[in-house]
Amino acid sequence: MSEPVNRARHVLNEAPADLLLDRIADVLAAGYGTTRVELLQVDYRLAALLPLLGDEPVTAPGHPAWRCFDHQTPIVADDTGYLPVSMRGERRGVLVVAPVPTRPGALDELTEIATALAHEIAAVTEGTDVYRMASRSRRLTLAAEMQWELLPGRSRTRPSFRLAGQLEPAYAVRGDSFDWSDDGTRVWLSTINGTGEGVAAAMLTSLATHALRNARRSGLGLADQAALADQAVYDLHRGDRHIAALLMELDLRSGRLTVVDAGSPRLVLLRDGDVRELPLEAQFPLGMFEATDYQEQCFELCRDDRLFVVSDGVIDATGQSVRYGESALDRFLRRTGPMEPLDAVRSLIGDLRAFVAGDLIDDAVVVCLDWTGPQD
């Protein structure tokens with residue numbers, strides 16, 4: 001590792017949470033002769049790259065910053081470098097540097113520094129609002145603030161799987177959400193299709209999510225996770241409020257998928273260009289009745305299978321009195337095969353926005369999961 005990279009890592013570790021960009025700009029000026037360093041963060045809608053300090057947002061799809069973000073590779077244009085600020089598959093934005101140093105290996109080193117910056121932003125974000133505030137193009141509703149705080153991230157990549165999700169309407173989502181975790185051999189994914197309005201819907205989703213996490217972290221199987229969350233919601237609302245959820249556990253070595261359908265969103269399999277809905281055994285939503293006995297189902301995935309979880313807010317989206325519907329959804333999902341999961345999710349949400357000619361009215365959640373096969 002080169003001296004400037006080592007220096008950058010040290011400086012990032014020592015920098016105050018709100019001054020990461022300032023400190024890294026000093027390092028890049030000294031080590032690479034840069035005179036401009038800028039951080040662009042992707043906004044909650046995945047529709048704009050917003051500068052940390054001043055300047056105009058980048059929205060044009062063909063802009064070099066967007067090409068860097070989309071392809072996750074360094075881009076050089078007009079003596080300016082655009083470097084992906086990403087870590088473990090979580091795309092945070094783009095680091096802009098100018099002028100680009102010409103010595104061999106410098107661009108690779110700057111890319112390493114951009115990755116280190118992504119890790120450090122993730123580490124400090126809980127202690128400062130600087131980065132969260134700069135990544136929103138307008139005010140979040142209180143319910144949306146609560147929902148985004150629940151998420152483990154928006155995308156995740158490991159050699160054996162790739163995963164991404166998105167909530168809409170991003171700045172006003174109420175009850176829909178998703179959660180995931182992995183331990184290297186398994187990945188757990190839960191998707192919640194929440195009901196209700198405003199903060200009440202967000203609070204119900206938060207209760208269900210934390211109950212599911214508590215059960216998962218206690219080592220319980222999927223059926224027992226569902227039962228614990230079901231009881232937590234029922235104990236509080238006595239059946240007056242309930243929530244639909246889909247729980248999945250994927251064995252990353254074998255491709256065995258275990259599922260509990262608690263009144264869930266739709267689960268769609270994309271395999272070799274064909275789209276089909278997996279036949280789930282519908283069970284009661286969480287909290288509808290006391291002490292519901294949930295049952296697990298199992299499916300065998302093939303290498304490079306892709307799963308989509310979509311809530312009814314996607315299928316029921318309406319534009320000019322016409323429903324988006326399952327046929328349009330299946331046609332669109334078929335076209336996402338070559339895309340990375342985050343790009344597939346982003347493209348579907350963009351298609352929905354175009355269909356309704358604006359933001360979605362009802363909550364929608366889309367999650368994409370690829371199993372790339374066992375890794376030696």
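A cavity is a set of grid points where a 1.4 Å probe fits but cannot get out, and its lining residues have an atom within 4 Å of a point. This model is predicted. By the cavity rule, the count comes to one cavity of 30 Å³ or more. The model also holds an open sheet of six strands.

**The cavity**

- The largest cavity has a volume of about 70 Å³.
- Its lining consists of D179, W180, W188, L189, S190, L212, R216, L222, Q225, L247 and M248.
- Two or more lining residues come from each of these elements: β8 (177-182), β9 (186-193), α7 (198-217), α8 (222-237) and β10 (244-251).
- Which element gives the most to the lining? Strand β9 does, with three residues.
- By class, seven lining residues are nonpolar, two are polar and two are charged.

**The sheet**

- The strand order in the open sheet is β6-β7-β18-β15-β12-β13, and the pairing is antiparallel.
- Strands β6 (155-158) and β13 (274-277) are the edges, and each pairs on one side only.
- From one strand to the next, the twist averages 15°.

**Inside the sheet: β15 and β18**

- Strands β15 (residues 305-310) and β18 (residues 364-371) run antiparallel.
- How many bridges join β15 to β18? Six bridges do.
- V309 has V367 in β18 as its bridge partner.

**A helix across the sheet**

- Helix α11 (residues 341-356) lies across β6, β7 (161-168), β15 and β18.
- Helix α11 runs at about 25° to β7.

Definitions and conventions:
Residues are numbered from 1 along each chain as its sequence is written. This is a predicted model: local features need pLDDT of at least 70, side-chain atom pairs count only at pLDDT 80 or more; totals for chains, interfaces and linings use all residues. Side-chain values use heavy atoms; hydrogens and water are left out. Two strands pair if DSSP finds at least two bridges between them. Helices (H or I, at least four residues) and strands (E, at least two) are DSSP runs, numbered from the N terminus. Axes are lines fitted to C-alpha atoms, for helices over the stretch in contact, and angles run from 0 to 180 degrees between N-to-C directions. Contact means heavy atoms within 4.5 Å. On a 1 Å grid over the protein atoms alone, a cavity is a set of points where a 1.4 Å probe fits but cannot get out, and a pocket is an open set with protein on both sides within 12 Å along at least five of seven lines; lining residues have an atom within 4 Å of a point. Grid points are joined across faces, edges and corners, and a volume is the space filled by probe spheres set on the points. Ala, Val, Leu, Ile, Met, Phe, Trp, Tyr, Cys and Pro count as nonpolar, Asp, Glu, Lys and Arg as charged, and the others, Gly among them, as polar.
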